[in-house]
Amino acid sequence: MTSSIEISLGEVAASLVLVVLAVALSLWRRADLERDIGVAVVRSIVQLTAIGYVIQAIFDEDSLALVAALIAVMVVFGAIQARQRARRVPRTFVPLLVALGVAGVSTLGLVVALGIFEPEPRFLVPVGGMVIGNAMTAAAVALNRLGDEMHDRAREIEATLALGATATQAATPTLRRALRSGTIALVDSTKTTGLIFFPGTMVGMLLAGADPTDAVRLQLILLYALLGSVAIAAVLATALSYRSFFTPAHQLREAPEP
Amino acid sequence: MLFELEAVEYSRSDALVLRGLSARLPAGASCVAGPSGSGKSTLLRLLNRLADPDSGRVRYRGEDVRDRDPLALRREVCLVPQLPALLEGTVEENLQFAASCAGREPDGGRLLELAGLDASFAARDAAKLSVGEQQRAMLARALAVEPRVLLLDEPTSALDEAARDAIEATLLDLRHRLEISTVLVTHDLAQARRMAEWVVRIDEGRTVEEGPVAEVLVA
């Protein structure tokens with residue numbers, strides 16, 4: 001496959017000028033972000049270069065088994081990353097694995113089954129990466145909110161249990177708010193897409209010289225696929241995790257402060 | 001005996017809250033009185049299994065509460081917490097939620113009237129009520145489950161004197177009209193005298209004294 005635009009390493013290096021600007025602003029405003037920006041830049045270079053070689057190898061092999069292996073690795077790393085952002089929720093690793101796995105497989109399966117994409121590595125790898133990345137963020141945000149709410153609203157939840165409500169009934173308002181938190185960012189960006197910002201896929205296609213109509217259509221497909229996958233991931237991650245806050249006798253494990 | 005506690009120990013964050021506490025609470029109007037931090041609210045939470053003791057037994061009508069279904073027990077023995085904690089939405093939605101827990105249809109007007117609120121409160125946003133009104137809505141919500149026993153955790157501690165007197169009058173009226181038993185937790189011995197026939201005085205997680213109010217709380 002040939003690319004319609006050629007990017008030299010010098011051009012990539014030149015773009016680091018903006019990173020230097022970000023570091024300078026951080027120093028000026030004493031935001032203490034220089035170290036984080038440095039780590040982010042190094043990690044992005046290493047990770048994207050490595051994944052570039054991996055994707056090239058998978059494209060060369062044209063193997064669906066390798067695609068499945070890559071997606072499985074992304075699901076595991078996504079679950080590890082999301083777990084770190086939801087520390088107040090106990091035992092989230094397995095729920096996150098299930099949530100990201102189901103979100104990824106069902107979304108990819110659907111777009112292939114509907115004939116939107118051919119079951120080929122050059123479609124499945126980039127779409128799978130986007131789907132799992134967005135699902136990871138949604139699941140992490142939803143779980144983070146779940147953990148905060150279960151602590152902050154413990155009195156309200158226990159007052160509901162005190163009426164004879166089940167753990168599920170008592171947690172339902174909290175689960176609803178957690179699901180909204182996990183999905184609202186993508187819903188909002190979908191609402192404003194084309195007005196306030198141009199999404200990445202469309203920008204990438206336009207830069208690569210694609211017809212704007214094709215770029216828009218592909219972007220719409222991906223946005224809708226992402227909406228489905230973030231909803232699946234947020235629902236599954238919270239639904240499989242909330243029970244760990246309760247005992248089998250429908251008691252809060254951590255009682256509200258007296 | 002309605003409730004019996006036998007050598008109950010309960011710890012929280014590695015601190016012992018109840019230290020081998022034994023007590024009896026008969027049917028009717030009982031009261032658990034003691035200073036702040038004495039373990040009163042913890043004791044109340046053990047009665048309908050919002051928590052279980054580390055050791056010892058809690059019996060309800062002669063049966064260990066751990067042998068009963070916790071959900072059925074809580075619908076029969078309902079707890080109203082110290083601070084109002086209503087769900088988002090209207091008062092009516094709160095009543096409907098509570099009634100649905102027990103598989104019932106709420107009679108909103110009657111429930112509100114029993115709790116000392118008029119019917120117009122049904123459509124009010126629960127978050128916009130005063131603390132006293134919220135406490136009454138909590139009471140109405142508990143009554144929607146049609147319990148046989150009401151556990152009341154310092155129901156007037158956040159209220160001024162006039163609101164306290166009004167809630168006390170409502171609770172006394174309620175007990176006679178519905179013939180339900182009440183277990184009231186309070187730090188106020190004068191309130192215990194006004195509201196209860198039987199009192200258990202506790203301090204530092206142990207029972208100090210128990211018996212008829214007229215004998216234990218001699219003015």
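Trainee: What makes the largest nonpolar core a nonpolar core, and which residues have the most contacts inside it?
Mentor: A nonpolar core is a set of buried Ala, Val, Leu, Ile, Met, Phe, Trp, Tyr and Cys residues joined through C-beta atoms within 7 Å. Buried means that 20 or more other C-beta atoms lie within 10 Å of a residue's own, with C-beta atoms placed from the backbone; exposed means 12 or fewer, and partly exposed lies in between. In this predicted model, the largest such set has 127 residues, and A:Leu100, A:Ala135, A:Ala139, A:Ala233 and B:Leu151 have the most contacts inside it. Helix H5 (residues 121–152) of chain A gives the most to this core, with 15 residues.

Trainee: Which residues does A:Leu100 touch?
Mentor: Not counting residues up to four places away in sequence, its partners include A:Val75, A:Ile132, A:Ala135, A:Ala139 and A:Ala233. To be in contact, two residues need C-beta atoms, placed from the backbone, within 7 Å.

Trainee: How many residues of each chain are in contact, and which helix of chain A gives the most?
Mentor: By that criterion, 18 residues of chain A are in contact with 23 residues of chain B. H6(A) gives the most to the side of chain A that touches chain B, with 6 residues.

Trainee: What makes an element a helix here?
Mentor: Helices (H or I, at least four residues) and strands (E, at least two) are DSSP runs, numbered from the N terminus. Chain A has 9 helices and 0 strands.

Technical notes
Residues are numbered from 1 along each chain as its sequence is written. Chains are lettered from A and ligands numbered from 1 in the order in which they are written. This is a predicted model: local features need pLDDT of at least 70, side-chain atom pairs count only at pLDDT 80 or more; totals for chains, interfaces and linings use all residues.
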